[in-house]
Amino acid sequence: MSVMGTSRIGVPDTVRPVPAPRARRGTAVPGARATELPAGPETTGAPGATGSGPVASVWLPSASCSPEACVAATEPTAAVPHAVLRLTAVLILVVTGTVLLPVVRLFPAAPRERTIRAWCRAVVRAVGVKVRITGAAPRHGGLLMVANHISWLDIPLLAAVRPGRMLAKTEIRQWPVAGALTARSGALFIDRDRLRALPATVARIADGLRAGSAVVVFPEGSTWCGRAQGYFRRAAFQAALDADVPVQPVRLHYRYDGGPASTAPAFVGSDSLLTSLWRVASARRLVAEVRVTPVLTGETGTDRRALALAAQQALDLPHDPHPDHPAHP
């Protein structure tokens, strides 16, 4: 089952593998596993962000969003006891899901995925956020699921669409408890400090896709507040071409029920997980809108650049005005 969190991982496209076959739908593999990714603070600097840490490498993606500049509470908040009850319910669900994960893995594929999707919806609802999902992803076969990245809530929301293996930064392996849980979940790790490791990461993503799993990637490479967005890095799209599987774009959006967009769920810059959890749990009338668009195949684009651009356009995200700039590989 999925453990709430956010990867904030980007895959640059500096390395150019040999062109691969055009994408098409994969075949079902009953043993495909659902996985998760725990949360953590941002490790890269961001222009305009405060306290987000040093930049480890010139190609590491970063966002200009920060809690001070972007996260606004424009609606009344819930009473403190109510927020505490919400966090308690989330904790109970996460602990229960972690304990039952080995049992759920023994279920046949269809009931296993139904259980995980229901559990993920329950986690989001427990923290006080309504879930509205439109569209559906293919239930079987390899699938590269790509989405814009705003919050740690993105993880259970995408798993509610279709459980999949998350791409996570390798530093998470060293975290107490969360590192071991993430490794056991089947997450795919990327060493963001070693550009030379990128081809091997792309190959491992492709292997997971060939095995029939859904692999979930946030190509923006960092969380954004939701009012501003980043550009899709393209390397992960090469894995879909190599594995000959479709790409599933998913748009995530948070708003107040019947009202304007909300940045309350944003997990950006120097924000801590505890602060973000409390902000979401104490908010009122938050709604998470998940729009699953039609899959993209090799007919959409014969290379990763075309696929990345098509995915951005499908989600109404900005396209990179400088596609050859090294900062947006």
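Helices (H or I, at least four residues) and strands (E, at least two) were taken as DSSP runs and numbered from the N terminus. The structure is a predicted model, in which local features need pLDDT of at least 70 and side-chain atom pairs count only at pLDDT 80 or more, while totals for chains, interfaces and linings use all residues. Residues are numbered from 1 along each chain as its sequence is written, and side-chain values use heavy atoms, with hydrogens and water left out.

On this basis the protein chain contains 9 helices and 7 strands. Burial was assigned from relative accessible area (buried under 20%, exposed over 50%, partly exposed in between; 1.4 Å probe, protein chains only). Of the 329 residues of the protein chain, 57% count as buried. Accessible areas were computed by the Shrake-Rupley method with a 1.4 Å probe, and for residues only the protein chains shown count as cover. The protein chain exposes about 13,000 Å², of which carbon and sulfur atoms supply 61%. Contact was taken as heavy atoms within 4.5 Å. Among contacts in the protein chain with a separation of 6 or more, 79% are between residues 24 or more positions apart.

A78 is placed in the loop between α1 (67-70) and α2. The relative accessible area of A78 is 11%, so A78 is buried. Apart from residues up to four places away in sequence, A78 touches R86, A281, S282, A283 and R284.

The buried residues of α4 are D154, I155, P156, L157, L158, A159, A160 and V161.

Strand β6 is also mostly covered, with 9 of its 10 residues buried. Strand β2 (residues 143-147) runs parallel to β6 and is joined to it by 4 bridges. V146 has P249 as its bridge partner in β6. With strand β7 (residues 286-292), β6 pairs in the antiparallel sense over 7 bridges. In this pairing, R255 stands opposite V287 in β7.

H253 also lies in strand β6. H253 counts as buried because its relative accessibility is 19%. The side chains of H253 and R255 are joined by a polar contact of 3.3 Å. A polar contact is a pair of N or O atoms within 3.5 Å; within protein, one must be able to donate a hydrogen and the other to accept it, and residues adjacent in sequence count only if both atoms are side-chain atoms. Leaving aside neighbours within four places in sequence, H253 is in contact with A261, V287, A288 and E289.

Side chains of opposite charge can pair when their charged atoms come close. Salt bridges were counted where a side-chain nitrogen of Lys or Arg lies within 4 Å of a carboxyl oxygen of Asp or Glu. By this rule the model has 7 salt bridges. One of them joins K130 to D257, with the closest N and O atoms 3.0 Å apart. This pair links distant parts of the chain, since K130 is in strand β1 (residues 129-134) and D257 is in the loop between β6 (247-256) and α8 (273-281), 127 residues apart. Both partners are partly exposed, with relative accessible areas of 37% for K130 and 21% for D257.

The side chain of D257 also meets that of R132 in a salt bridge (2.8 Å, N to O). R132, in strand β1, and D257 are 125 residues apart, and this pair likewise links distant parts of the chain. R132 counts as partly exposed at 38% relative accessibility. Through shared partners, salt bridges join K130, R132 and D257 into one network. A further salt bridge is formed between D271 and R279, the closest N and O atoms being 2.6 Å apart. Here D271 and R279 are both buried.

Surface patches were built from residues with over 30% relative accessible area and no salt bridge, joining like charges within 9 Å and nonpolar side chains (Val, Leu, Ile, Met, Phe, Trp, Tyr) within 5 Å. L91, V95, V99, L100, V103, L106 and F107 form a nonpolar patch on the surface, with about 660 Å² of accessible area together. F107 is partly exposed, with a relative accessible area of 33%.

Key. Two strands pair if DSSP finds at least two bridges between them.
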